[in-house]
Each structure stands twice: as structure tokens, then as C-alpha cells.
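Subject: Structure for you to look at

Hello,

Here is the structure I promised to pass on. Please open it first, then read my notes below.

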Amino acid sequence: MKILVTGGAGYIGSHTVVELQQQGFDVIIIDNLSNSRASVIGRIAAITGITPEFHRFDLTNRDACRTFFETHPDLGGIIHFAAFKAVGESMSTPLKYYRNNLDSLMNILEGMKESGCRNLVFSSSCTVYGQPDELPVKETSPVKEAWSPYGNTKQMSEQIIRFSAKAHNLSSIALRYFNPIGAHESALIGELPLGVPNNLVPFITQTAIGIRKELSVFGDDYNTPDGTAIRDYIHVTDLAKAHVTAINRLIRKTSEQSFEVFNLGTGHGYSVMEAIKSFESVSGRSLNYKICGRRPGDVEKVWADTSYANRELGWKAEKTLDEMMASAWKWELALSENNELH
Ligand code: UFG
């Protein structure tokens with residue numbers, strides 16, 4: 001069965017392509033390479049032995065999208081990752097985010113409406129919850145006013161999918177990720193941040209390898225046991241496997257609902273300091289860091305209630321924080337020995 005993966009050359013997309021291929025799916029990638037490298041396609045093939053069909057174009061291009069769907073009438077499902085994802089950048093260029101993230105989604109939904117493809121898995125985020133009133137956060141927790149245009153595009157996308165799926169007889173699942181980190185065990189694919197990383201783990205590994213001078217810990221005055229902010233970090237391979245489970249659920253018509261939402265996390269929250277300690281213990285390196293002020297827009301603490309995803313999807317995240325950090329470090333070491341991806 002053919003599965004289209006948009007953004008399949010990106011961080012979570014590439015790991016999902018690998019898992020899909022290893023489960024016997026025939027994968028087609030659309031990616032404009034705006035935040036990824038063409039060489040990732042070859043690296044996917046090096047892991048699985050299969051080169052995915054690859055189309056390079058921008059999904060906001062309506063004509064290109066239409067042509068793609070006309071020439072691919074036999075898609076079994078779509079996993080839609082392609083989107084801009086930098087929270088800070090979205091604050092200064094909101095329209096760029098709305099245009100890109102919403103136009104591309106609507107072009108895909110239109111393509112699905114016209115073609116026979118009925119199944120859509122969407123890449124959403126726990127950012128839709130803002131700072132939840134109750135922890136762990138459940139899927140039924142209220143979606144709070146967005147803290148960033150990026151987060152707002154995720155909220156709006158979920159609603160666009162919910163209404164479109166109902167009207168056009170589609171089946172859809174939005175997966176709300178907590179904090180994806182780590183890399184494939186082969187160290188052939190992983191996260192490739194452009195420029196200075198925004199996210200904690202690539203900043204940690206780049207500091208340890210000497211690309212960055214020191215890590216800034218954003219805030220130690222939060223209402224948490226050690227004062228630093230708490231997140232639910234999940235290994236990217238665990239996350240990728242959940243996408244295969246979700247697309248199988250749609251294909252097998254396990255649920256009658258046209259739109260479902262699942263949290264993808266481990267259910268455990270770790271503080272920034274705990275993440276640093278874990279990294280130091282698995283890498284054997286001591287990390288140069290300093291405590292700074294809070295980063296504007298950061299929530300204090302968030303972690304997932306995963307019981308619904310565990311029960312309904314029959315999926316559970318398996319990797320520990322130490323395993324996640326070890327794989328992120330292995331990836332950084334592999335990158336430092338190979339300039340092809342920089
Ligand atoms: N942090 C630091 N120093 C850094 C980078 C991050 O202390 O250099 C801290 C942050 O303040 C936060 C934690 O590490 O407390 C995690 O930060 P990340 O930037 O790695 O992740 P966020 O939780 O801010 O963001 C992630 C995704 C977003 C998504 C958001 C939803 O990257 O796409 O979760 O909460 F919107």
C-alpha cells in the first residue's frame with residue numbers, strides 16, 4: 001500500500017518513512033527541502049534498502065499539488081508533517097506561518113477530496129494545550145488560547161481537518177507530540193537544526209561537541225522541584241512507530257470517528273536539569289551551562305496522560321531519557337565526522 005509522507009526528509013518525517021518501509025509500506029515523499037537535505041533520502045535507503053519515491057515541490061503550490069494527486073490516484077493514506085515549526089520565528093513572521101502551514105494543509109485536503117485517498121494522519125503538538133490546568137494533560141483537556149502563531153496553526157489545522165473530514169467522508173487522526181528528541185539507532189538520520197538550535201537537546205549536544213560555547217538554562221525559578229521547566233521528552237523512533245500504528249488504524253477502519261486526537265509522550269516529565277544530568281551521565285562529558293532568565297513564551301511544566309493512546313492505539317513509548325540522550329549524542333558524533341549533512 002502506498003503512503004504519502006509530506007515533509008518526509010525532515011526530522012520526524014524521515015524516521016517515520018523508515019518505520020513505514022520496514023512495515024512493508026510503499027512510501028512516497030513530498031518535501032521542498034526548505035528545512036531538510038536531499039541526502040536524507042539516500043540515508044533512508046541506506047537503512048531500509050529501499051529508495052522512496054521523492055517529489056520536491058512546495059505544498060502551498062496548488063497546481064503542483066493538484067497534478068500530484070491526479071497522477072497518484074492510488075494512495076492508501078497520507079501522513080502530513082510538512083510545516084514551519086519554529087515558535088520564535090513565528091512570533092515575528094506570523095503570516096508566513098499561517099500561509100505556509102494552512103495553505104499546504106488545505107491543498108492536501110482538496111487533493112484527498114478529489115482523489116480516492118480517505119486517510120490522513122496529522123502532525124500536531126502539545127502546544128495546543130498551552131499551560132494545562134491539570135497534569136498529566138489528557139486529550140480532553142481544553143485547547144487554550146495559542147501562545148504563538150505556530151501553535152495557532154496547529155489548533156486551526158486540527159479544526160480544518162475535523163470539519164473537512166466530516167464533510168468529505170475522510171478519516172483523520174491528529175497526533176499531539178510532546179518533546180521529540182534523539183535519533184535513529186543507525187546514526188544515519190536525526191535532527192538537523194538550521195543555524196543556532198532553538199531546542200534543548202540539539203543545543204546540549206552541539207555545546208558538548210564544541211560548536212556552541214555554553215548552554216543557557218532558561219529559568220530556575222519555576223514552581224518545579226529543581227526550579228527548571230519540565231517537559232515530556234519522547235524518542236523520535238517511538239514517535240515514528242505511533243504514526244505507523246495510526247495509519248494502520250485508519251486503513252483498517254478501527255474507529256468510526258472521522259477525527260481523533262492522541263497524545264504522544266511517555267507520560268513522564270523531566271526538568272531541564274534532569275535532562276542535562278542524563279546527557280552528562282550517558283556521554284561522560286560535563287556540560288558547560290549557565291542559568292539565565294526565563295525564555296518568553298515557555299510554559300512551566302507539561303507532560304502527557306498517555307493512557308488513551310496506549311489503550312486505543314496499542315502503542316507505548318519505550319525508550320528511557322538516558323537512551324534518548326545517548327542516541328542524540330551518537331548522532332552528534334556521527335555528524336561531526338561527516339560534513340555531508342551540514
Ligand atoms: N531550554 C533551555 N535552553 C535552551 C533551549 C531550551 O533551557 O537553549 C529549555 C526550555 O526553556 C524548555 C525546555 O528546555 O523549558 C525544552 O525546550 P525546547 O525548545 O526543546 O522545547 P519546547 O518545549 O519549548 O518546544 C517544543 C517544540 C515546539 C512545541 C512545544 C510545545 O519544539 O514545537 O514543544 O510545548 F510547540
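This is a predicted model: local features need pLDDT of at least 70, side-chain atom pairs count only at pLDDT 80 or more; totals for chains, interfaces and linings use all residues.

Proline 136 sits in the loop between β5 (119-125) and α6 (149-168).

Leucine 33 has a phi near 60 degrees, which is positive although the residue is not glycine. Leucine 33 lies in the loop between β2 (26-30) and α2 (39-48). Lysine 253 also has a positive phi, near 55 degrees, and is likewise a residue other than glycine. Its loop runs between α8 (236-251) and β11 (259-264). For background, most residues other than glycine have a negative phi, and most peptide bonds are trans.

Are these two buried or exposed? Leucine 33 has a relative accessible area of 14%, so it is buried, the cut-off being under 20%. Lysine 253 reaches 60%, so it counts as exposed, which takes over 50%.

- Tyrosine 150: a polar side-chain atom lies 3.3 Å from an oxygen atom of the ligand.
- Asparagine 179: a polar side-chain atom lies 3.0 Å from an oxygen atom of the ligand.
- Phenylalanine 218: here a polar backbone atom is 2.9 Å from an oxygen atom of the ligand.

How much of the ligand does the protein bury? Taken alone, the ligand exposes 680 Å², and the protein buries 90% of that.

Next, the aromatic residues. The whole structure has five aromatic pairs. One of them joins phenylalanine 57 and phenylalanine 68, with 6.2 Å centre to centre and 45 degrees between the planes, a tilted pair. The two are eleven residues apart, and the pair links distant parts of the chain. Phenylalanine 57 is in the loop between β3 (53-55) and α3 (62-71), while phenylalanine 68 is in helix α3. Phenylalanine 57 is buried at 16% relative accessible area. Phenylalanine 68 is buried too, at 4%.

A further pair is made by phenylalanine 84 and tyrosine 97. Its ring centres are 5.4 Å apart and its planes stand at 55 degrees, so this pair is tilted. It also links distant parts of the chain, 13 residues apart. Phenylalanine 84 is in the loop between β4 (75-80) and α4 (87-92), and tyrosine 97 is in helix α5 (residues 94-114). Tyrosine 97 is buried, at 0% relative accessibility. Separately, Phe57, Phe68 and Phe69 form one aromatic cluster.

Last, histidine 72. It lies in the loop between α3 and β4.

Best wishes

Terms used:
Residues are numbered from 1 along each chain as its sequence is written. Side-chain values use heavy atoms; hydrogens and water are left out. A polar contact is a pair of N or O atoms within 3.5 Å; within protein, one must be able to donate a hydrogen and the other to accept it, and residues adjacent in sequence count only if both atoms are side-chain atoms. Accessible areas come from the Shrake-Rupley method with a 1.4 Å probe; for residues, only the protein chains shown count as cover. Rings of Phe, Tyr and Trp (its six-membered ring) pair if their centres lie within 6.5 Å; planes under 30 degrees apart count as stacked, over 60 as edge-to-face and the rest as tilted. Helices (H or I, at least four residues) and strands (E, at least two) are DSSP runs, numbered from the N terminus. Buried means under 20% relative accessible area, exposed over 50%, partly exposed in between (1.4 Å probe, protein chains only).
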